[in-house]
Amino acid sequence: MAVTRPMRTVPPRVLYTAGAPRRTRLLPTRSVELAAAVGVQFALLAVLRPGLAGVAAGVVYALVSWGVLSAAFRMRRTLGPADHVTLGRVVLTGGVTALVAGHLMGDGHTWTLVAVASVALVLDGVDGQVARRTGTASKLGARFDMEVDAFLVLVLSVQVAWSAGAWVLAIGAMRYVFGAAAWAAPWLRADLRPSIARKGVAVVQGVALTVAAAGVVPYGGVLVAAALALLVWSFGRDVAWLFTRRHAGRPGSPRCRGGRGGRGSRGRSTDGARSPRLLDPVAR
């Protein structure tokens, strides 16, 4: 007579290896990751002590960033390894934003601002490398990277404009002016040819503004003016090239032409989410 044993149900999230149960490691969800970033942002504000205006600007920045990224990454359960690096840069950019707001209201912390901005700029070269090495490249990640770059440059231009003149704001505003023009002229959203010069000019903007903010070199205004001239040349060249090819492809589709995605870019070339509209309003 055969003896039957009652079947044991396997608990969820449990694997069996050589007869021994082994639990899988649960990864944090997207919501947890973004909420943790907000918590780190608040902790950074407490460390930096940017003054009342700075704290207010930092809190608003953290909450708006959380809302935008929650919507943009809504189709993903978790963020990728490169996205985590970029998320760290989001937090650092929030610290720079708070310090700039505090500086405009009379608080100091110039060298702290320069230090935080420098770390954010250095990490700009890390996320693309991580994406390539881990095979987690995506168009959404590329747009995420580029928008953080653009906002950091905008904030730094505000800092430098306080002493050098309002004309410096053109550096930070140019990306957004281009974006506004792209809504009216969809051909501006088409793919651009890969260009090392374009990437180099983008790097020069952040470095020049950070150096000018530190005040460690004479004629910092000349340095920033040269950076602005390079940026005008870069945008002008790309706009002219896009204009000549405005009938070559289907206009209006959101595409990536820089950052960590696209052909010949820093490594985020495959899409892991549905159309990233919040972080992909324009193509440059």
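## Salt bridges around arginine 89

Arginine 89 forms a salt bridge with aspartate 145, with the closest N and O atoms 2.8 Å apart. The pair links distant parts of the chain: arginine 89 is in helix H3, aspartate 145 is in helix H6, and they are 56 residues apart. Both residues are buried. This is a predicted model, in which local features need pLDDT of at least 70, side-chain atom pairs count only at pLDDT 80 or more, and totals for chains, interfaces and linings use all residues. Residues are numbered from 1 along each chain as its sequence is written, and side-chain values use heavy atoms, with hydrogens and water left out.

A salt bridge here is a side-chain nitrogen of Lys or Arg within 4 Å of a carboxyl oxygen of Asp or Glu. Buried means under 20% relative accessible area, exposed over 50%, and partly exposed in between (1.4 Å probe, protein chains only). Helices (H or I, at least four residues) and strands (E, at least two) are DSSP runs, numbered from the N terminus.

Arginine 89 also meets aspartate 127 in a salt bridge (3.3 Å, N to O). Aspartate 127 lies in helix H5 (residues 127-134) and arginine 89 in helix H3, so this pair ties together parts that are 38 residues apart in sequence. Arginine 89 has a relative accessible area of 1%. Aspartate 127 is at 0%.

## A second bridge and the network

The whole structure holds eight salt bridges. Another of them joins arginine 175 and glutamate 147, with the closest N and O atoms 2.3 Å apart. Arginine 175 sits in helix H7 and glutamate 147 in helix H6, 28 residues apart. Both count as buried, because arginine 175 has a relative accessible area of 10% and glutamate 147 has 15%. Salt bridges that share partners join Arg89, Asp124, Asp127, Asp145 and Asp149 into one network.

## Rings and charges

Arginine 175 also lies over the face of tyrosine 176, at 5.8 Å from the ring centre. Arginine 189 lies over the face of tryptophan 183, at 4.3 Å. The rule asks for NZ of Lys or CZ of Arg within 6 Å of the ring centre and within 35 degrees of the ring normal.

Rings of Phe, Tyr and Trp (its six-membered ring) pair if their centres lie within 6.5 Å; planes under 30 degrees apart count as stacked, over 60 as edge-to-face and the rest as tilted. The count comes to four aromatic pairs. The rings of tyrosine 61 and phenylalanine 151 have centres 5.7 Å apart and planes at 35°, so the pair is tilted. Tyrosine 61 is in helix H2 and phenylalanine 151 in helix H6 (residues 139-164), 90 residues apart. Tyrosine 61 is buried at 11% relative accessibility. Phenylalanine 151 is partly exposed at 29%.

## Nonpolar core

A nonpolar core is a set of buried Ala, Val, Leu, Ile, Met, Phe, Trp, Tyr and Cys residues joined through side-chain atoms within 4.5 Å. The largest has 49 residues, and Leu87, Val96 and Leu209 have the most contacts inside it. Helix H6 gives the most to this core, with nine residues.

## Loops with positive phi

Most residues other than glycine have a negative phi. Arginine 49 has a phi near 50°. Arginine 49 is in the loop between helix H1 (30-48) and helix H2 (51-72), and is exposed at 65% relative accessibility. Tyrosine 219 has a positive phi of about 55°. Tyrosine 219 lies in the loop between H8 and H9, and is exposed at 69%.
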